[in-house]
Amino acid sequence: MKYVLLTLFLTLTSAAFALNGAIGIHDPSTVVQDHGKYYVYGTGGGSLVSDDGWTWRAGVRPALTGAAPDVIHIGDRYYMYVAVGLGGETKAGVAMAWNKTLDPKSPDYKWVKGAMVASSNGVEDSNAIDPGAFLDPTTGRMWLVYGSYVGYIRLVELNPKTGEDLNPKEKPIDLAINCEASDMIYHDGWYYLLATHGSCCRGADSGYNIRVGRSRKVTGPYIDAEGVDMIQGGGTQLIGSGGRLIGPGHFGLINLGNGVEKFSMHWEADLDKGGSSVLGIRPLLWRNGWPVAGEVLTGGTFEIHSVHTGTSLDMAVEGVPVGGPRRFGFGGPRPPAGSRGGRGARPSPGARPAPGARPGPPRGPGGFGGGMFGGTGHPIPDQTAADVSKNWPAGTVNAGMSNYLCQAQQKWQITPVPDAGGYIGGPYFKITIAGTDRALAATADAELAVVPAFTGAPEQLWRLDQLADGSWRIMPKAVPNWKEPVALSAVGASFATLSKFDPKSDMQHWLLKTP
């Protein structure tokens, strides 16, 4: 199911939002998972580990070190590829080692070094550095791309059982020029070559950016969105510098399943961290057959809008029309009191001004400010909780859904919660009625409620993942007495619940719109 969400990125703040903890690393491998922990390795033997994918700490130096490693998990092995023996501009090689586990505390932890899988002799038009490993999900065949600006990006086939070169006597295939730090992914019948363009290793002066081309065959040719072959220097930009983060490079796919994909990379310079090179993780979206870098949600005030129903999440209280109910003209009746949830405050069916009565004449500029349809004659301010909350119940209130009418009970403040942990690429958030401490919570029967105050309990912490179409999946960290993960789900136009996530349905797809 696909949606064109052209205004999506306007709903999110553009401020930099770095991962938590010790995240300094350069030329990172793809982030890989082993027994619930996340691992990433970088140039010079640096490594990072995380229990949740949000807060990171320094890891253990692997036995095989060098430049720009990559790691892939196949079967019962983790294969590591790393550039070694760098000498001169184009003299290098890609070495391999494997391990049954990435956990140094495991009795099975032991790096076994294998054969070299690629090399360059200092004369040829290639530089055997920056390896990127890829397992074709359609054929089970394994490939490695490598290379830098000095010559071609090249492709060789590997043996997935050993991790070594499958056909060492065959000439590598040339795929691209004017780039480095390449990797490959597969999506919906296409192979994608992602590579880093621009200047490296210059901190805040780095021009690094990640570009992409695609092909129907793993061996190419890889053509960008403008029709230019990457062997001729083409490449459509996936992500460049933004905010206070400069120089993205070294793409690595993180496929979480159920339509949720993210990618790892480094930023050459994080200005908020003194210009150091740091690990970054972003959502990976898809639009018209091309990958798109999603945004990191930093928080804000939003309408939480259902793609499925077109209605919005609210707190189930009686809504008050913004600016007050409309007044009818001479002798006309006033609309009845509204019903709850923003659906009320409208005239009853058939309501008309009294016989012979006419709306008052327009009084304001442009014909506004008088009569039945003339409005107030001046802008109506936003409705806040302080304006209407005196009529709200004091205790726990149900959550529901309604047509969005700019009312206070429909505006949600989404805020990252410090020291509450997180998930791969993001922190847990609290979701409160804007201007209050009333918090959205999961109940023991996997339903929704708005409780009087945020306490930090797990059922009040929320995970937000951007899906491939740009909408959001919203999940509680935990549900009391409930083991199965569930997500916010729009059942009907006026009812929301929690249920198992179904990637084929739009019932759990939500848009975050600025009110």
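Predicted model: local features only at pLDDT ≥ 70, side-chain atom pairs only at ≥ 80, totals over all residues.

Colleague: Is Cys 179 buried or exposed, and why?

Modeller: Cys 179 has a relative accessible area of 0%, so it is buried.

Colleague: And what about Cys 406?

Modeller: Cys 406 is partly exposed, because its relative accessible area is 40%, a value in between the two limits.

Colleague: How many disulfides does a search of the whole structure find?

Modeller: The search returns 1 disulfide. The link is between Cys 200 and Cys 201, with an S to S distance of 2.1 Å.

Colleague: What is the handedness of that link?

Modeller: The link of Cys 200 and Cys 201 is right-handed, with 40° about the S-S bond. One of the two partners, Cys 201, counts as exposed because its relative accessibility is 55%.

Colleague: Turning to the packing, which residues have the most contacts inside the largest nonpolar core?

Modeller: They are Ile 304, Leu 440 and Leu 464, in a core of 44 residues. Strand β30, residues 439–442, supplies the largest share of this core, with 4 residues.

Colleague: What is Ile 304 in contact with, leaving aside its neighbours within four places in sequence?

Modeller: Its contacts include Leu 313, Trp 412, Ile 431, Ile 474, Leu 488 and Trp 510. Thr 311 and Ser 312 are also among them.

Colleague: Which residues does the second core include?

Modeller: That separate core has 31 residues, including Ile 23, Val 31, Trp 267 and Trp 290.

Terms used: Residues numbered from 1 in each chain as written. Heavy atoms only, no water. Core = buried A, V, L, I, M, F, W, Y, C linked by side-chain atoms within 4.5 Å. Buried < 20%, exposed > 50% of the residue type's maximum accessible area, 1.4 Å probe, protein only. Helix = DSSP H or I, 4+ residues; strand = E, 2+ residues; numbered from the N terminus. Contact = heavy atoms within 4.5 Å. Disulfide = S-S within 2.5 Å.
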